[in-house]
Amino acid sequence: MPRRSLVRLYQDEFTNYSPAKFQQDLLAGLTVAAVALPLALAFGVASGASAAAGMVTAILAGFIMGLLGGAPYQISGPTGAMSAVLIVLVTRYGLEGIWVAGLFSGFLLLMIGIMRLGRFIAFIPAPVISGFTSGIALIIFIGQIDNFFGVKTAATETAAQKFIGYLNTPFIPDWHAVALALIVIGSMLFWPAKWNARFPASLLGIILATLLNWILSWPVSMIGVIPQTLFLEQRLTLANIPWENLSDFIAPTLTITALGAVESLLCGAVGSNMTGVRLQANQELIAQGIGNMVIPFFGGVPATAAIARSSVGIKSGGQTRLVSVIHAVGILLSMFLLTAFMERIPLAALAGVLMVTAVRMNEWDAIKFIFGKRFKTDMIAFTITMLATIVLDLTQAILIGSFLAGAVFLNKIASIDITVQDVDIKRLREKGIETDGHCRHVRVAFLTGPLFFAATGQFNEAFSNLKETHALILSMRGVSLIDTAGIEAIHRLHERLHKQGGTLMFAGLHDNAKQMMERGGLVETIGERNFFWSSDQAIVEAERRGCKFCRTRHKFHAV
């Protein structure tokens with residue numbers, strides 16, 4: 001399917017747009033806003049920034065990414081996965097680290113979309129993505145233990161170090177904070193699903209916890225001041241970009257770029273399955289890029305498309321990208337109308353939201369499938385990626401995951417199946433092919449799989465014993481790919497056969513494989529007369545030409 005322009009996407013969505021559809025978009029947008037508001041507050045805090053930064057991010061992402069996105073159902077904002085990356089950046093570089101890396105990652109996403117490279121994001125294997133997601137879920141969960149218990153422990157570089165710190169350093173929990181967090185967790189776990197569609201459980205839990213804390217005046221940490229402006233006091237300016245230390249932000253930028261692209265396209269895949277409307281991946285990356293280049297200058301954090309919010313919009317009957325815009329307007333209004341209430345929200349309540357969200361963001365069905373069916377390669381890829389995410393720096397985890405992606409990919413495609421058989425005369429005659437059948441020195445090898453550098457070892461081993469072979473016919477209908485290493489392996493096989501008086505023949509060769517062999521000089525060396533449409537034709541021709549091994553044996557018996 002060719003890429004559609006943004007104008008065409010708008011035409012598809014808004015042709016025959018009606019008041020009834022607008023009413024559906026309005027209700028869906030307000031529903032998404034109710035779901036997104038507590039998440040925006042929570043992820044803003046979890047990122048190491050502020051609740052206000054989370055709200056600004058949700059508002060701007062809703063407008064910019066929603067209007068420019070690659071599908072009508074995509075709704076973007078701060079996410080749990082991104083917050084896990086950003087909290088490490090804040091620890092190392094401060095808020096400037098978030099803004100600078102977000103700005104540069106936006107530029108990279110924009111370039112990837114413009115150059116139409118979005119399809120390469122899909123090359124990351126599912127077990128690696130699932131492992132990374134589970135690792136991030138653990139980071140979010142561990143990162144909220146402080147707020148859950150109402151304590152303050154020393155900051156660490158990794159989630160594993162943070163967790164070990166809890167085991168080694170005793171602390172006294174604040175039962176007020178624990179009670180407030182449990183109210184939110186209980187609301188999210190036990191609020192009936194059919195009611196959740198009308199009033200989100202996370203919002204209910206936060207309201208109950210905040211009202212209780214307001215009435216009883218418990219001594220717990222709260223969100224604090226929320227500015228009634230989109231231009232936060234702490235935001236990126238050209239003056240505070242550390243131009244002399246930009247090299248420090250290369251790895252974080254690549255991490256945010258990879259995570260933003262993967263999460264946005266995964267969200268698009270989920271939305272596509274729910275609606276039947278295909279995501280235009282490159283247009284979506286352009287939208288993500290532009291949005292993330294703008295957001296830092298307002299004081300927000302990097303955003304990406306969010307599966308939870310997008311799914312709510314779809315299930316609520318949303319028709320067009322106006323759902324994203326309306327959700328942004330709803331959060332913007334709440335910034336001005338509900339400030340007094342939101343400033344009193346306990347951090348413990350947000351911890352409850354994030355902990356439940358972290359547990360739910362694991363891809364449990366995929367994990368159950370991988371481990372239930374005991375796919376060893378996938379189990380290893382999942383486990384290593386998850387452990388690397390929580391034990392190492394997230395940038396290193398991305399690199400390890402990418403390496404695993406390549407390793408898993410090579411492992412799956414490197415295997416070439418080669419079956420060498422003698423000629424079955426009876427079977428040929430049943431097919432109506434007349435042959436004398438006297439020569440026992442013709443062999444047929446059926447190849448299935450790519451013949452490239454990783455498969456040449458199997459190729460060479462399969463033909464290690466070719467004594468008294470008059471003709472070796474390679475049936476290559478199942479070989480769609482040959483690289484230079486494959487060409488060299490075939491060259492060596494031809495030379496060995498030629499030295500002992502044998503002939504190498506080919507049957508069922510794909511056009512692209514033959515073109516590669518022509519470029520490598522194989523067709524000229526071996527001769528066009530040794531290429532056939534089918535192995536049957538090659539067998540008949542090999543017998544017609546006569547076999548030196550048969551002649552030698554005949555002379556021996558005659559003497």
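This is a predicted model: local features need pLDDT of at least 70, side-chain atom pairs count only at pLDDT 80 or more; totals for chains, interfaces and linings use all residues.
Figure 1. Beyond its neighbours within four places in sequence, serine 324 is in contact with Ala61, Gly62, Gly66, Gln74 and Ile75.

Figure 2. The relative accessibility of leucine 333 is 47%, so the residue counts as partly exposed, the class between under 20% and over 50%.

**Figure 3. Threonine 389 and its side-chain contact.** Threonine 389 is placed in helix H19, formed by residues 376-391. With a relative accessibility of 1%, threonine 389 counts as buried. Its side chain reaches the backbone oxygen of threonine 385 at 2.7 Å.

Figure 4. Side chains of opposite charge can pair when their charged atoms come close. The count of salt bridges in the model comes to seven. One of them joins the side chains of lysine 162 and aspartate 146, with an N to O distance of 3.5 Å. Lysine 162 lies in helix H8 (residues 159-168), whereas aspartate 146 lies in helix H7 (residues 145-149), so the pair ties together parts that are 16 residues apart in sequence. Lysine 162 and aspartate 146 are both buried.

Figure 5. Glu541, Arg544 and Arg545 are linked in a network of salt bridges. Arginine 544 pairs with glutamate 541, and their closest N and O atoms are 2.6 Å apart. These two residues are three residues apart in helix H26 (residues 535-545), and are therefore separated by about one helical turn. Glutamate 541 also meets arginine 545 in a salt bridge, at 2.9 Å from N to O. Because glutamate 541 and arginine 545 are four residues apart in helix H26, about one helical turn separates them as well. The members of the network fall into separate classes of accessibility. Glutamate 541 is buried, with a relative accessible area of 16%. Arginine 545 counts as partly exposed at 24% relative accessibility, whereas arginine 544 is exposed, with a relative accessible area of 60%.

Figure 6. The largest nonpolar core contains 85 residues. Within this core, the residues that touch the most other members are Leu41, Met55, Ile98, Ile223, Ile331, Ile345 and Leu350. Helix H3 (residues 51-68) gives the most to the core, contributing eleven residues. Apart from this core lies another, made of 30 residues, among them Ala414, Ala445, Phe463 and Met517.

**Figure 7. Contacts of isoleucine 345.** Isoleucine 345 is one of the residues that touch the most other members of the largest nonpolar core. When residues up to four places away in sequence are not counted, isoleucine 345 touches Leu41, Ile206, Thr210, Met222, Ile223 and Leu350. Among these contacts, Leu41, Ile223 and Leu350 are likewise listed with the core residues that touch the most other members.

Definitions and conventions:
Residues are numbered from 1 along each chain as its sequence is written. Side-chain values use heavy atoms; hydrogens and water are left out. Contact means heavy atoms within 4.5 Å. Buried means under 20% relative accessible area, exposed over 50%, partly exposed in between (1.4 Å probe, protein chains only). A polar contact is a pair of N or O atoms within 3.5 Å; within protein, one must be able to donate a hydrogen and the other to accept it, and residues adjacent in sequence count only if both atoms are side-chain atoms. A salt bridge is a side-chain nitrogen of Lys or Arg within 4 Å of a carboxyl oxygen of Asp or Glu. A nonpolar core is a set of buried Ala, Val, Leu, Ile, Met, Phe, Trp, Tyr and Cys residues joined through side-chain atoms within 4.5 Å.
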